[in-house]
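Please look over the sequence and structure below before turning to the numbered points.

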Amino acid sequence: MNARRAWWKTALGVLFTALMLFPVYWMFNVSLTQTSDLRNSPPNWFPWAPTLEGYQAVFASQLPALGTSLLIGLGTVLLTVVVAAPAGYALALLNLRGRGTLNFILIVAQMIPGVVMAMGFYAIYVRLGLLNSVGGLIIADSTIAIPFAVLLYTAFMAGIPKELLQAAKVDGAGAWRTFVSVVLPVSRNSTITVALFAFLWAWSDFIFASTLSRNGDLIPITLSIYQYIGNNTTQWNAIMATAVVASIPAAVLLILAQRYVAAGVTAGSVKD
Amino acid sequence: MTTTLAAATARRDGTAGAGGSTPPAPAPRSRRRGPRGSQWAAIGFAAPLLAYLAFFYAFPLWRNIELSVHDYTIRAFVQGEADFVGLQNYAQIFGSPLFGQALANTAFFTLVSIAVQFSIGLALAVFFRGAFRLSGFLRALFLVPWLLPLIVSASTWAWMLNSENGIVNSLIRAFGGTQINWLTSPETALLAVTIANIWLGIPFNLVILYSGLQNIPEEVYEAASLDGAGPWRQFWSITFPLLRPVSAITLLLGLVYTLKVVDVIWIMTTGGPGTTTTTLAIWSYREAFGTGQPDFSPAAAVGNLLIVIALVFGLLYLQLQRRQENR
């Protein structure tokens with residue numbers, strides 16, 4: 001009886017998942033549809049005569065934008081880890097005074113609307129000449145990830161066994177040596193989780209891209225898709241093909257890194 | 001909405017972090033190095049973060065307040081001198097006919113989004129609670145909408161809801177209905193962007209509520225089962241009450257994160273037709289960046305108002321979380 005019940009639940013689960021993922025399927029479907037079939041009524045449910053013309057358009061015009069996004073994503077990851085890992089160490093293991101307040105600030109920082117940050121950055125960048133620059137976008141994008149990263153590192157590092165740190169101390173390691181040779185290697189999984197999300201958020205960012213990098217030569221893929229839609233609303237197969245390509249990091253994250261995501265989420269759940 | 005994952009983790013980290021906010025335990029004092037020595041090291045390691053927060057959080061926020069009490073035009077921006085106007089920008093936005101509409105749109109968008117996301121998320125969490133074949137895999141697939149760049153999901157929804165060629169209208173026509181101009185008619189545009197946003201938010205609710213469910217001991221359900229309680233009864237007498245703290249946190253966080261949504265709405269409708277999908281966040285974005293003539297001062301005023309609203313709910317959330325810890 002149990003087995004039959006489980007089978008029935010699996011079938012229902014597949015149905016729910018299919019419904020939920022229908023828009024994703026639709027994106028694929030449209031990306032492979034021939035331009036002449038785009039306006040069929042009813043639309044083609046399946047790309048019976050698939051075409052790669054949409055993808056050809058992507059590779060013809062979107063490669064620089066993909067490269068820019070890659071660069072911004074990697075820069076954001078680097079900045080995030082460099083700022084957040086030592087801070088997590090100070091908060092979790094060095095008894096930084098005022099860490100309660102700092103924790104509070106980090107949580108509140110995540111609640112500030114992106115549009116407000118974008119205006120503040122615009123006002124600053126316009127004077128510094130940082131508008132339309134990759135560096136400027138990296139700094140702005142890292143504001144999405146850094147509070148999260150510090151909180152994640154802190155939660156993980158607080159759980160590092162005290163014996164390990166004691167042993168380093170006995171061997172004569174100072175705070176810096178302990179950090180580099182013990183804490184950082186042990187926190188590898190947290191670093192992977194932080195890096196993955198920092199990259200994904202920077203890659204997906206639209207608000208900062210559309211405000212701080214509007215007129216640049218190097219625009220990230222999100223903004224490129226947006227402008228593409230604005231410029232040619234008829235080529236939806238090409239738009240959807242770009243969208244598919246822009247989704248690749250998310251897919252990679254889901255397939256390769258699921259256990260790191262889980263590790264990151266459970267890292268903080270000591271108290272649960 | 002991507003930041004919602006930060007929320008999910010931050011909630012948990014916040015739990016651990018806030019737990020550490022009690023005064024330092026006596027243990028470090030017995031270490032060989034005096035507390036003062038290690039305090040300098042601590043400050044050294046935190047220095048990059050402190051500098052970062054000062055330059056890239058506090059400074060932009062300060063600039064934003066400054067924008068809102070001056071009369072900034074693009075020229076004033078470049079030349080650096082703008083007239084101080086006090087609270088005039090705030091008076092202007094409160095007096096604007098758009099204010100009431102933006103507030104109502106924000107309320108509708110936010111409340112309907114989180115209510116429906118939460119209900120569907122909870123139903124799915126309960127469904128996935130008992131492990132069955134493929135359940136882990138399917139649950140992972142449910143994360144997809146959460147991980148996709150918003151431009152991707154928003155433009156896909158825009159095409160699906162397209163009046164003439166969208167799949168949604170095609171289905172409606174197939175069942176004998178009449179075409180709905182989802183994104184171009186003032187009556188349905190807000191509903192349409194809300195539907196897309198609900199879809200985006202389901203994974204977040206599912207993940208948090210599912211992890212909340214894992215903390216309810218299986219024995220409680222077994223006991224209820226022995227007492228003859230059916231699934232429906234079990235849900236209302238066990239799941240729902242025991243999940244209440246987690247639910248409250250999910251709803252409040254959802255609220256804070258939905259209030260600041262710009263991308264979904266802007267990509268699908270740019271706040272239109274007219275101003276029918278203009279929320280506070282969209283209003284601010286449009287004034288500053290959405291038109292040919294940027295008007296930063298009122299935009300900053302709306303933005304600051306949005307911060308205040310978000311912080312009210314945010315602090316409520318923190319308070320709730322703290323109370324739960326002390327239990």
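1. How many residues does the contact take from chain B and from chain A? The contact (heavy atoms within 4.5 Å) takes 105 residues from chain B and 105 residues from chain A.

2. This is a predicted model, in which local features need pLDDT of at least 70 and side-chain atom pairs count only at pLDDT 80 or more, while totals for chains, interfaces and linings use all residues. Residues are numbered from 1 along each chain as its sequence is written, chains are lettered from A in the order in which they are written, and side-chain values use heavy atoms, with hydrogens and water left out.

3. The area buried between chain B and chain A is about 9500 Å², buried area being the accessible area (1.4 Å probe) that two parts lose on being put together, summed over both. Carbon and sulfur atoms give 74% of this area. Phe45(B), Trp159(B) and Phe289(B) supply 9% of the area that chain B buries against chain A, more than any other three residues.

4. On the side of chain B that touches chain A, helix α2 (residues 35-68) of chain B gives the most, with 20 residues; helices here are DSSP runs of H or I, at least four residues, and strands are runs of E, at least two. By class, that side of chain B has 70 nonpolar, 24 polar and eleven charged residues, where Ala, Val, Leu, Ile, Met, Phe, Trp, Tyr, Cys and Pro count as nonpolar, Asp, Glu, Lys and Arg as charged, and the others, Gly among them, as polar.

5. An unreviewed UniProt entry places the feature "transmembrane region" on chain B at spans including residues 140-160 and 264-285; such annotations may be inferred rather than shown by experiment. Residues 140-160 of chain B are 81% helix, with end C-alpha atoms 24 Å apart. Residues 264-285 of chain B are 55% helix, with end C-alpha atoms 13 Å apart.

6. For chain A, the unreviewed UniProt annotation "transmembrane region" covers, among others, residues 7-28 and 179-203. Residues 7-28 of chain A are 95% helix, and their end C-alpha atoms are 29 Å apart. Residues 179-203 of chain A are 96% helix, and their end C-alpha atoms lie 30 Å apart.

7. The mean pLDDT (the predictor's confidence in each residue, from 0 to 100) of chain A is 86. Over residues 266-272 of chain A, pLDDT stays under 50. Where pLDDT is low, the predicted coordinates should not be read in detail.
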